[in-house]
Amino acid sequence: TSLNLIVRATKYLPVVGVLGMRRQMVQPVWVGDVATIAAACLTMPETVGQTYTLAGPEPLEIADLYRAVQRAMGVYRPIIRIPKAVPKAIAAANLLLPRRWLTPGAIDFVTMSTTADPRPAEAAFGRAMTPLDVGLRYLGAGGA
């Protein structure tokens, strides 16, 4: 899920929806960590040919990510769960259009759990990943 979409929904909608009725685990990584590690790769010869999985320090359920964004923004919006069948039906109908903006596969993709162990990358680059609440601080300073 794109953090920008969650921020916009929280800012402008009276209610925010989470796709799917099952627990969806996510592990958002702060963009500052990604940028720092990408820059480090340019100066660390031992990173050549290596692959690093980047993940935030704590897995959380997607609705908890929405709640964390709301806390950071200082607002409250009710969170409702939308059965996955609803957007999948819209996506299936969209397949009949000449320009497809949504597919059933895209709904499956955005509703799957994605978690990883951040420790290998932390060890390789000598830095701990930034906790979610710290990474979201910019939202409370009018950055939303």
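Predicted model: local features only at pLDDT ≥ 70, side-chain atom pairs only at ≥ 80, totals over all residues.

Q: What does the secondary structure of the protein chain come to?

A: The protein chain has seven helices and four strands. In sequence order the pattern is α-β-β-α-β-α-β-α-α-α-α.

Q: And what box do the C-alpha atoms fill?

A: Roughly 50 × 35 × 25 Å, taken along the principal axes.

Q: How much of the chain is buried?

A: Of the 144 residues, 31% are buried. The accessible surface comes to about 8,800 Å², and carbon and sulfur atoms account for 62% of that surface.

Q: What share of the contacts join residues at least 24 apart?

A: It is 79%, counted among contacts between residues at least 6 apart in sequence.

Q: Changing topic: which residues make the nonpolar surface patch?

A: Val-86, Ile-90, Leu-97 and Trp-101 make a nonpolar patch of about 420 Å².

Q: Where is Ile-90, then?

A: Ile-90 sits in helix α4, which covers residues 85-94. Its relative accessible area is 44%, so Ile-90 counts as partly exposed.

Q: Which residues of α4 are buried?

A: Those are Pro-87, Ala-91 and Asn-94. Viewed down the axis of α4, the buried residues fall within an arc of 55°, so they line one face of the helix.

Q: On to charges. How many salt bridges are there?

A: The count comes to seven salt bridges.

Q: Start with Arg-127. What does its side chain meet in a salt bridge?

A: The side chain of Arg-127 meets that of Asp-33, at 2.6 Å from N to O. This pair links distant parts of the chain, 94 residues apart: Arg-127 is in the loop between α6 (119-125) and α7 (132-135), while Asp-33 is in helix α2 (residues 31-41).

Q: Is Asp-33 buried or exposed?

A: Asp-33 is buried, with a relative accessible area of 0%. Arg-127 is partly exposed at 25%.

Q: What about Arg-71, which residue is its salt-bridge partner?

A: Arg-71 pairs with Asp-133, at 3.6 Å from N to O. Arg-71 lies in helix α3 (residues 62-73) and Asp-133 in helix α7, so the pair ties together parts that are 62 residues apart in sequence.

Q: Why does Arg-71 count as exposed?

A: Because its relative accessible area is 55%, and exposed means over 50%. Asp-133 has 46% relative accessibility, so Asp-133 counts as partly exposed.

Q: And which residue does Asp-117 bridge to?

A: Asp-117 forms a salt bridge with Arg-119, and the closest N and O atoms are 2.9 Å apart. Arg-119 counts as exposed, at 58% relative accessibility. Asp-117 is partly exposed, with a relative accessible area of 34%.

Q: Can you recap the two long-range pairs for my notes?

A: Arg-127 and Asp-33 are 94 residues apart, and their salt bridge is 2.6 Å from N to O. Arg-71 and Asp-133 join parts 62 residues apart in sequence, with a salt bridge of 3.6 Å from N to O.

Definitions and conventions. Residues numbered from 1 in each chain as written. Heavy atoms only, no water. Patch = residues over 30% accessible without salt bridge, like charges linked within 9 Å, V, L, I, M, F, W, Y side chains within 5 Å. Areas by Shrake-Rupley, 256 points an atom, 1.4 Å probe, with all protein chains shown as cover. Salt bridge = Lys/Arg side-chain N within 4 Å of Asp/Glu carboxyl O. Helix = DSSP H or I, 4+ residues; strand = E, 2+ residues; numbered from the N terminus. Buried < 20%, exposed > 50% of the residue type's maximum accessible area, 1.4 Å probe, protein only. Arc of directions from axis to C-beta. Contact = heavy atoms within 4.5 Å.
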